[in-house]
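Biologist: Hi! Could you walk me through this one? I have a few quick questions.

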Amino acid sequence: MFVETMAHVKPTEDLKESIARHIRYTVARDESDLQSADLVKPVSLAVRDRLIDKMMETERRYVRTDAKRLYYLSMEFLMGRALGDSLCNMRLDHECRHILGEMGFDLNQVLDHEPDAGLGNGGLGRLAACFLESLATMGMPGFGYGIDYEYGLFKQEISNGYQREKPDRWKANGTPFHILRAHEACLIPLYGRVEEVTEPDGSTRNLWVDWKTVVGVPNDIPIAGYGGHTVNFLRLFSARASQDFDIEIFNRGDYIRAVEQKIGSENISRVLYPSDSVMSGRELRLVQEYFLVACSLQDIVRRYKATHENFDRFSSLIAIQMNDTHPSLAVPELMRILVDEHGVAWDKAWDICRETFGYTNHTLMPEALEKWPVGLMQHVLPRHMQIINRINHDFLTMMAQDYVANNDQLRRMSVIEEGYEKHVRMAQLAIIGSHAINGVSALHTDLLKSTLVPDFAQLWPERFSNKTNGVAPRRWLLKANPQLSDLFSRTLGDGWIMDLNRLRELEHYANEREFQEHFLAIKEHNKQKLTTVIQDATGIAVDPTTMFDVQIKRIHEYKRQLLNVMRVIYDYLRIVDDGEDLPVARTVVFAGKAAPGYWAAKQIIKLINNVAQVVNNDPRVRDRLKVAFVPDYRVSLAEVIIPAADLSEQISTAGLEASGTGNMKLAMNGALTVGTLDGANVEILEEVGADNIYIFGNTPEQIQQMHNEHSYHPRDIYNGNDRIRRMMDSFNSNLFCVEEPGLFRWIFDAVIDQGDRYFHLADLQSYLDACAKAEQDFLHTPEWARKAILNVARTGKFSSDRTIREYARDIWNIKRID
């Protein structure tokens, strides 16, 4: 059944000598007194040396062919740990493991000491990371541009069941993969005013004057494609105070003010997503977004101008993708650079701008679309506010002259939202300024066109397309699940690593007993590993032979962790009140962070932990049901949880999740999905088949109809079902909050008396039925193994390689450069 895989590379002296050199001359230590943690830096630097060589070779290929380049602008890049990923993609992991073994160290223990890079939060940032890896693997000139945050979102700790946010000092021990590019620093203007000046020929132009300056200092992180042929980079900018400005203040004798100015400037890249609950936080957030696009565009234009005299070929050689609305200020910033700094005529500059930009939408929730007060925009970026007004005026004029548009349409499509306080709508700005707009799943794109921005979709149907998200199989299968990857390679050969569709061939083995046994043994091994992590992180002992029922994602009401908890309580009460025995022993694993200012989400974390405390310590349960909330969810933790999952919870309210990528990673690792017809779940259903997934709940159309007709009455469900009523009454009681009476009554009120905004009870019975079906299937081990293997075999569509090919072909027009 098995075929030979590629022979492992024999260890060379080069890598061994390079590690030894960095131990001696970089960290200045003797090998004899090193611990595992001490090896992270010298091993990383030895790998970085090889990455730099390949990165410079890659750049020479791009320059020689004058290749069109993609620049991917994102506020987040959730990269995880760089060392293990680089070793895997450079195919140095076996060699490095051998070298460290000779030194008396285990590579896995060394890798565990590297912190996750704190450059992102959730799916938006992880998608960007997967895209960069796929671009490099496919040999395409694609580069990420972001902010080099000093602190990540936060380090999550759980205290008495509550989330506590601690600083994420991910850089405390250095960042060995960073390559400082101080000679390419950017000067970024902020604040000031606009002055109209008259030219000698009598014409007038607007001049931005009296601005303050911040310096953007770039660092590059090499991004290796699989095999190491192509190494691109992620360029991250950190904010520094303008040296000249500081010295001027200092020379006036105002040392304190000079230091304050320095600290204030450097706050721009201090932390990911500063709180916007106060005006100062909102201003900092706006400054951050401008800092990202200003640094990026200065750098992009500088590179282009180094080999081109004018901007005639700019959009032919450069594509810029805006990852959600955060980089939307790139549109007026490029216009400012072209018109104000390089004298390009407005109409020509606008054509260049629109042909250059693409915009990816990531949300269907109108309240999540970014808007900025006009007054704040005017204060921080006065010239950009002028440019935005001109863009909007030209657009509305065009609509009034060339199209039959009524006032309501113009109001909806305008970049400026009228009202007591006017706002700049960033989604409208991005759409008007882009030649391509895309959603991230088939359902999401349909809803984007039909409900979120239907006027634009009708105006420019050719600009809208779908690009269903994907995940990097090298990170999420080859690296995260090495034993399963080895089984696939021994069975099929290594071709699947670069072409995930090759896993289709596993269908031939889905019914084979020997293959099933290998597959299930690997799952058991991964569950044992997760069991240890849960014990260490929470003190909760779980049984790896139970069904591992996993919900890992950002904590948000629409993602409905609460629905999962409702089921846990429902089953707990079946055991203790009705004396029932659950058909399958189940371990319910939660992980995810709540935004610091999101009270309801933080209360749900508290609820999960309180329910876990009661359920896990009730002897009547007899370990048939365990609940664990694993703190500080991050990429490296996901790499442990995902390969161990049996059941994947993808239970958001239908019509609210744009895509999801956790659903793809879990299916790719052999977990079966229980989910709603939301986001990419719809396409997973199409790929794996209805018999190999557990779909439940109302459709997006049914949800929308209930919302529009006000026909959903959760109290009717509460009154009509004794067990559901009993479960809901537990929130009104103190069953799960003995020490804090009444703590969860708000949940009862929100669901029963305030309309149940996210339709928990509308979907609950269907959810219970779907989970019961999954449990029955889990009892039949060969059948469950077959379904799990088929899930893996049919996830080829969800490789980010496929997504990148579609972007490259349809939007960016970039090609592989060999």
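Biologist: Where is the kink in α31 centred?

Modeller: The kink in α31 is centred on S766 and comes to about 30°; the bend at a residue is the angle between axes fitted to the seven residues ending there and the seven starting there. Do keep in mind that this is a predicted model, where local features need pLDDT of at least 70, side-chain atom pairs count only at pLDDT 80 or more, and totals for chains, interfaces and linings use all residues. Residues are numbered from 1 along each chain as its sequence is written, and side-chain values use heavy atoms, leaving out hydrogens and water.

Biologist: Which helix is D777 found in?

Modeller: D777 is found in α31, residues 760–779. Helices (H or I, at least four residues) are DSSP runs, numbered from the N terminus.

Biologist: And is D777 buried or exposed?

Modeller: D777 is buried, with a relative accessible area of 10%. Buried means under 20% relative accessible area, exposed over 50%, partly exposed in between (1.4 Å probe, protein chains only).

Biologist: What does D777 touch?

Modeller: Leaving aside residues up to four places away in sequence, D777 touches Y694, W784 and K787, where contact means heavy atoms within 4.5 Å.

Biologist: Changing topic, how many disulfides are there?

Modeller: The count comes to 0 disulfides, a disulfide being a pair of cysteine sulfur atoms within 2.5 Å. For C88, the nearest cysteine sulfur is that of C96, 13 Å away.

Biologist: Is C96 buried or exposed?

Modeller: C96 is buried, with a relative accessible area of 0%. C88 is buried too, at 6%.

Methods: Helix = DSSP H or I, 4+ residues; strand = E, 2+ residues; numbered from the N terminus.
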